Amino acid sequence: MGRIFVVDLEGRTYKCKFCKTHLALAGDLVSRGFHSRRGKAYLFSNAVNISVGPREDRMMLSGMHTVADIYCCRCGQIVGWKYEAAHEKSQKYKEGKFVLERGHY
C-alpha cells in the first residue's frame, strides 16, 4: 500500500471521530435532516479524505438508491455513504452527494 495524502481543510470542518481527519467543510452542508441506522446523519455536497466502497442497491426510508459506503482514508472506519443513483425522480437531488453519520465525525 502506498503513502496516504490527507487534505487539510480551512475553516469549520467535520472530522472523523476516531482519528480527527478532516472530512467535510461546514459550507458544504446541504441538510441535517437525514438518519442512519445508528442515528442522525448530515448530507454534504462534497467530502474529502475518504475511500469509496463498492456500489449496492439499498432500500432507504426515501426509497431505493444505489449507494456506496465511504470510509475514512486514514483509519478505515466507515463514516457514511455516497449516493450514486436515485431510483425515484424526487430523490435525484441526492446523486453524487455524501452522507456523514453523526456518530462517526
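## Salt bridges

Glu 56 and Arg 58 form a salt bridge in which the closest N and O atoms are 3.1 Å apart, the term being applied to a side-chain nitrogen of Lys or Arg within 4 Å of a carboxyl oxygen of Asp or Glu. Glu 56 is partly exposed at 38% relative accessibility, whereas Arg 58 is buried at 13%; here buried means under 20% relative accessible area, exposed means over 50%, and partly exposed lies in between, with a 1.4 Å probe and protein chains only. The model is a predicted one, in which local features need pLDDT of at least 70 and side-chain atom pairs count only at pLDDT 80 or more, while totals for chains, interfaces and linings use all residues. Residues are numbered from 1 along each chain as its sequence is written, and side-chain values use heavy atoms, with hydrogens and water left out.

The structure holds four salt bridges. One of them joins Glu 84 to Arg 55, with 3.2 Å between the closest N and O atoms. This pair links distant parts of the chain, since Glu 84 belongs to strand β7 (residues 78-86) and Arg 55 to strand β5, 29 residues apart; strands are DSSP runs of E with at least two residues, helices are runs of H or I with at least four, and both are numbered from the N terminus. Arg 55 counts as exposed, at 58% relative accessibility. A salt bridge also brings together the side chains of Glu 95 and Lys 92, at 3.4 Å from N to O. Glu 95 is partly exposed with a relative accessible area of 31%, and Lys 92 is likewise partly exposed, at 41%. Through salt bridges that share partners, Glu 56, Arg 58 and Asp 69 are joined into one network.

## Cysteines without disulfides

How many disulfides does the count come to? A disulfide is taken to be a pair of cysteine sulfur atoms within 2.5 Å, and by this rule the count is zero. For Cys 72, the closest cysteine sulfur is that of Cys 19, and at 3.5 Å it is too far for a bond. For Cys 75, the closest cysteine sulfur is in Cys 16, at 3.7 Å, which is again too far for a bond.

The surroundings of these two residues can be described by their accessibility. Cys 72 is buried, at 1% relative accessibility, while Cys 75 is partly exposed, with a relative accessible area of 33%.

## Positive phi angles in two loops

Most residues other than glycine have a negative phi. Lys 20, although not a glycine, has a positive phi of about 65°, and Lys 20 is placed in the loop between β1 (13-15) and β2 (22-25). Asn 49, also not a glycine, has a positive phi of about 55° and lies in the loop between β4 (39-44) and β5 (50-60).

## A patch of positive charge

On the surface, Arg 12, Arg 32, Lys 40 and Arg 102 gather in a patch of positive charge. Patches are made of residues with over 30% relative accessible area and no salt bridge, like charges being joined within 9 Å and nonpolar side chains (Val, Leu, Ile, Met, Phe, Trp, Tyr) within 5 Å. Lys and Arg count as positive and Asp and Glu as negative, with His and the chain ends not counted.

Arg 12 lies in the segment before β1 and is exposed, with a relative accessible area of 56%. The C-alpha atoms of Arg 12 and Ala 26 are separated by 5.6 Å, with the two residues 14 apart along the chain. Arg 102 is found in the segment after β8 (98-101) and counts as partly exposed, at 41% relative accessibility.

Ser 31 lies in strand β3 (residues 29-36) and is partly exposed, at 23% relative accessibility. Between the C-alpha atoms of Ser 31 and Lys 97 there are 11 Å, for residues 66 apart along the chain. Tyr 42 has its place in strand β4 and is buried, with a relative accessible area of 8%; from C-alpha to C-alpha, Tyr 42 and Lys 15 are 13 Å apart in space and 27 residues apart in sequence.

Note on methods
Areas by Shrake-Rupley, 256 points an atom, 1.4 Å probe, with all protein chains shown as cover. Charge placed at Lys NZ, Arg CZ, Asp CG, Glu CD.
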